[in-house]
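Please find below a colleague's note on the structure under review. The points are meant to be read alongside the sequence and the coordinates.

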Amino acid sequence: MVDFQFIIISNQRLCLNPLNIDSRLELAALFITKPLSFFPFTISHTARLPTDLLVLTVATAETDGFSRFLRSAKLFNYTVKVLGRGEEWQGGDYMAPGGGQRIRLLKAALEEMKEEQEKTILFIDSYDVVFASGPKELLKKFQQSGHRVVFSSETLIWPDRHLEDKYPHVREGNRFLGAGGFIGYLPNVKTMVADWTGEDHDSDQLFFTNIYINPEKRKSINITLDSRCRLFQNLNGALDEVVLKFEDSRVRARNVLYDTLPVIVHGNGPTKLQVNYLGNYIPKVWTFETGCTECHQNLRPLTGIQESEFPQVTIGVFIQQPTPFLAVFFERLLNLQYPKNRLKLFIYNQVRVIQVDSFLEGHGGLYQDVKVVGPEGADTDSISSRNLGLDLCRQDKQCKYFFSVDSEVVLKNKDTLKILIEPIVAPMITRPGRLWSNFWGALSADGFYARSEDYVDIVQGRRVGVWNVPYISSVYLVKGDVLRSGIPDYDLFSSDTQDADMAFCTSVRSKGVFLYVTNMHTFGRILSVENYQTKHLHNDLWQIFENPVDFEERYIHPNYSLIMKNKLIETPCPDVYWFPMFSEVACDHFVQEMEHFGQWSGGGAVDKRIQGGYENVPTIDIHMNQVGYEKEWHKLLLDYVAPITEKLFPGYYTKAEFDLAFVVRYKPDEQPSLRPHHDASTFTVNVALNQVGLDYQGGGCRFIRYNCSVEAPRKGWSLMHPGRLTHYHEGLPTTGGVRYIAVSFIDP
């Protein structure tokens with residue numbers, strides 16, 4: 001038999017060539033992009049699927065939830081007719097009885113239909129509903145019920161508890177009626193709603209309940225409840241009963257209490273977040289076999305588009321507290337691969353950091369526009385600044401996207417802006433070595449963090465996709481059209497009980513706008529800022545504990561990781577090893593930090609800083625413990641020197657303990673050299689902090705026993721050599737400029 005496809009639009013039937021399943025899905029995707037005025041529509045498979053089922057739903061606005069409902073309906077080839085398009089919703093919300101508008105619209109639609117005894121009507125909510133299976137299974141289960149109308153069931157009674165005693169008892173399952181979904185034959189459904197004369201704000205639940213608890217009406221219309229959730233699964237009051245069931249390239253919701261697989265999943269009442277979670281998988285959004293099947297929908301590819309036609313983006317930068325590595329933050333902002341003349345900058349600088357001025361002086365002219373707001377102006381607190389940033393894009397019709405990024409975000413992916421083209425989507429960023437991220441997978445009952453079952457898998461990259469989540473923060477992209485139509489309210493960040501980020505997410509979700517996070521690419525990470533101290537000149541030097549990854553990127557030599565692999569260790573003299581250790585920035589910051597501290601020793605033999613108060617071979621120096629860097633220096637030696645020591649001195653393992661670690665300054669008119677001596681150490685590490693020939697002339701180290709000198713030490717490179725007995729050495733004269741070295745006597 002030839003498998004033909006038919007599409008019915010406005011009662012016109014168009015016969016197409018035989019199509020495979022992929023073609024059918026492409027065709028379905030084509031029509032989902034059409035405005036709702038094209039409804040009713042159907043994509044039906046005449047050879048296998050019944051043609052007498054019509055899905056009716058009310059949708060006065062095109063929300064993200066409605067789009068999700070349509071996608072699942074089209075996947076299974078349901079025939080859907082949308083009611084109420086263009087009307088203003090007057091039916092209230094789930095927090096209070098309402099919904100009468102739905103019955104009015106349903107009644108009017110049914111009155112226009114011809115009497116067909118076996119025509120089946122499925123009336124269902126859409127904003128919080130997902131289809132888990134197709135019409136064939138739905139009709140089969142409906143027919144097996146033996147009744148003419150089947151309502152969804154609930155464990156909780158609503159809206160009138162006093163009616164509980166009037167409900168008939170059931171042998172097994174839920175006892176109470178849920179008005180969010182029912183299926184029935186057309187004549188019976190018509191009869192059921194024929195007596196509706198209520199107002200739009202009246203309760204549809206109470207109307208249907210009164211019909212059901214009336215024995216005569218229940219019998220004459222032949223109504224029953226889907227008590228065991230074979231057709232409908234209402235989540236309110238049943239969250240512990242529902243789990244995901246992964247099948248071959250498909251996902252179902254399973255009711256473990258009744259061991260059923262409902263066809264329709266409904267996030268009724270206060271369970272919108274839970275249906276959003278289930279909707280990340282059901283019916284085929286993400287599976288173990290296929291991964292994410294919808295992640296590339298709604299994307300706006302920029303390949304092939306001239307840069308002058310790129311969407312205009314306003315970037316909101318929020319510096320709300322002292323933040324480490326802020327100079328690097330602006331370097332990464334500058335390096336985003338996006339035409340600068342299509343970018344506007346809004347910078348909120350609460351702490352008056354100089355990096356903002358430096359960045360704008362050097363690069364501000366590259367951008368289409370720059371607006372900076374500081375703490376000295378009126379209404380420039382954190383919440384006001386965020387509202388202002390969003391509104392700048394909202395009021396600018398040319399603004400296609402608002403990209404919000406906090407200063408603690410380490411945005412490593414230069415293509416982030418090109419990748420993030422969604423209504424509201426956050427690039428997933430994490431804190432290295434921890435499960436902390438910029439999204440929450442679930443919320444607790446009081447609206448704070450709760451861990452979803454898939455959170456760890458998403459954070460650790462075992463499940464990759466675009467995820468509908470209840471909370472995002474730190475960095476996200478908002479579509480300009482969503483700001484103007486979906487969330488037009490100016491103040492989205494204020495709340496008496498929630499912080500700004502939580503208030504924003506709550507405000508957005510209340511408007512039916514979904515929040516997404518994507519881990520389909522590696523975007524970056526987020527800094528720890530809680531313990532950031534600002535009492536030093538270069539405070540980032542102290543971040544080796546709090547932000548070790550960023551410390552390494554900033555301060556460790558870029559070739560350090562290649563030392564063993566590419567054998568970068570040199571041996572300029574016997575048992576003297578030379579290898580890259582510090583970046584140039586690290587060297588500069590150490591020198592500047594010491595000069596800023598300024599309390600150089602006098603170079604005399606009497607030194608109260610050391611035990612015993614006497615220095616046999618004195619230098620002009622500053623000890624690490626004088627600037628509060630002793631713990632950080634020990635950590636640095638453990639992480640970056642000890643591993644090399646164990647390779648170069650086989651059988652010797654160090655804990656990198658030291659009595660003395662200091663920065664030495666050599667100047668021709670101060671202390672140009674150092675007489676021959678042994679170091680009070682098992683081995684010594686000596687790091688050059690500036691460049692010979694550029695910053696100073698002369699200098700170097702001569703190992704007397706071997707008559708071997710290192711006269712051109714490279715900036716950031718470390719000399720490591722034994723301290724006692726064998727390596728008697730001297731500091732060669734500095735003839736010009738100023739030479740700085742960092743010295744550590746390890747394992748004294």
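The numbered points that follow concern a predicted model.

1. The nonpolar cores. The largest nonpolar core comprises 88 residues, and within this core Ile-315 and Phe-403 touch the most other members. Setting aside neighbours within four places in sequence, Ile-315 contacts Phe-403 itself, and its other partners include Leu-333, Leu-336, Leu-343, Leu-345, Phe-346, Val-405 and Leu-417. Lys-344 is also among the contacts of Ile-315.

2. The open sheet. An open sheet is built from 8 strands, arranged in the order β19-β18-β17-β20-β28-β22-β29-β26, with mixed pairing. From one strand to the next, the twist averages 20°.

3. Strand β26 is joined to β29 (residues 515-518) by 4 bridges, and the two strands run antiparallel. One of the residues concerned is Val-469, whose bridge partner in β29 is Leu-515.

4. The α3 and α5 helix pair. Helix α3 (residues 100-111) packs against helix α5 (residues 186-193) at an angle of about 135°, and the two axes lie 10 Å apart. At that angle α3 is therefore oblique to α5. The crossing of α3 past α5 is left-handed. On the α3 side the contacts are made by Ile-103, Leu-106, Lys-107, Leu-110 and Glu-111, and these meet Leu-186, Val-189, Lys-190 and Val-193 of α5.

5. Thr-287. Is this residue buried or exposed? Thr-287 has a relative accessible area of 1% and is therefore buried, the cut-off for that class being under 20%. Thr-287 belongs to strand β15 (residues 286-287). Beyond its neighbours within four places in sequence, Thr-287 is in contact with Ser-249, Arg-250 and Val-251.

6. Pro-270. This residue sits in the loop that links β14 (264-266) and α8 (272-279). Its relative accessibility is 53%, so Pro-270 counts as exposed, a class that requires over 50%. When residues up to four places away in sequence are not counted, Pro-270 touches Tyr-94 and Asn-236. Pro-270 and Met-95 are separated by 175 residues in sequence, while their C-alpha atoms are 8.0 Å apart in space.

How values were computed:
Residues are numbered from 1 along each chain as its sequence is written. This is a predicted model: local features need pLDDT of at least 70, side-chain atom pairs count only at pLDDT 80 or more; totals for chains, interfaces and linings use all residues. Side-chain values use heavy atoms; hydrogens and water are left out. Buried means under 20% relative accessible area, exposed over 50%, partly exposed in between (1.4 Å probe, protein chains only). Contact means heavy atoms within 4.5 Å. A nonpolar core is a set of buried Ala, Val, Leu, Ile, Met, Phe, Trp, Tyr and Cys residues joined through side-chain atoms within 4.5 Å. Two strands pair if DSSP finds at least two bridges between them. Axes are lines fitted to C-alpha atoms, for helices over the stretch in contact, and angles run from 0 to 180 degrees between N-to-C directions. Angles under 35 degrees count as roughly parallel, over 145 as roughly antiparallel, 65 to 115 as roughly perpendicular and the rest as oblique. A crossing is left-handed if the near helix is turned anticlockwise from the far one by less than a right angle, and right-handed if clockwise.
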